[in-house]
Amino acid sequence: MKSPAAALMNRRVKKILIVDDDKKIAAALAVRLAAAGYETLVAYAGVEGLKLALGHRPDLVIMDLWMPDGVGFVIAERLKHFGLADVPVIFITASKKANLWELAQEAGAAGFFEKPYDPEKLLRAIARALHPDRCSPPAELLNVTPSHEPIIT
């Protein structure tokens, strides 16, 4: 039987792929995630993100919805097609279109955030997506848009 310390030492650091064409947002998010103990990979375009995902098999993907070379929903669907259906995807967007969170749900998103987002809520959504068996129900984690519509987080 392993001691708790040995179990912690054997725990693999979770790898998160950030796909966002806004380099400042991607860099800030990478710094925050690294400070929270995650390994990060960063891509600034959808196709680049797809290639990184296929080569490095991240544990989770955080993806912008609107990028010059593709829509996040389409890139996420390609991830599934290439055998990464078990990798949770959290979408982030600056768009205020009303039905995007519903489309994210239909796409099987593990979370959806409008920019600017609450970083603590994002970290909780990441933890819940990576460890669904150890996290509390999502009721307290719902983000709210200015119109008070729930956003999956």
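Colleague: Which residues of the largest nonpolar core touch the most other members?

Modeller: In this predicted model, the largest nonpolar core holds 24 residues. Strand 1, strand 2, helix 3, strand 3, helix 4, strand 6 and helix 5 each supply at least two residues of this core. The members that touch the most others are Leu17, Val61, Met63, Leu79 and Phe91.

Colleague: Which element gives this core its largest share?

Modeller: Among the elements that each supply at least two residues are strand 3 (60–64) and helix 5 (100–106). The largest share, which amounts to five residues, comes from helix 4.

Colleague: Leaving aside neighbours within four places in sequence, with which residues is Val61 in contact?

Modeller: Val61 is one of the core residues that touch the most other members. Once the neighbours within four places in sequence are left aside, its contacts are Leu17, Val19, Leu79, Val87, Pro88, Val89 and Ile90.

Colleague: Are the planes of Phe73 and Phe91 stacked or edge-to-face?

Modeller: Phe73 lies in helix 4 (residues 72–84) and Phe91 in strand 6 (residues 89–93), so that the pair links parts of the chain 18 residues apart, and both residues are buried. The ring centres are 4.9 Å apart and the planes stand at 70°, and because an angle over 60 degrees counts as such, the pair is edge-to-face.

Conventions:
Residues are numbered from 1 along each chain as its sequence is written. This is a predicted model: local features need pLDDT of at least 70, side-chain atom pairs count only at pLDDT 80 or more; totals for chains, interfaces and linings use all residues. Side-chain values use heavy atoms; hydrogens and water are left out. Rings of Phe, Tyr and Trp (its six-membered ring) pair if their centres lie within 6.5 Å; planes under 30 degrees apart count as stacked, over 60 as edge-to-face and the rest as tilted. Helices (H or I, at least four residues) and strands (E, at least two) are DSSP runs, numbered from the N terminus. Buried means under 20% relative accessible area, exposed over 50%, partly exposed in between (1.4 Å probe, protein chains only). A nonpolar core is a set of buried Ala, Val, Leu, Ile, Met, Phe, Trp, Tyr and Cys residues joined through side-chain atoms within 4.5 Å. Contact means heavy atoms within 4.5 Å.
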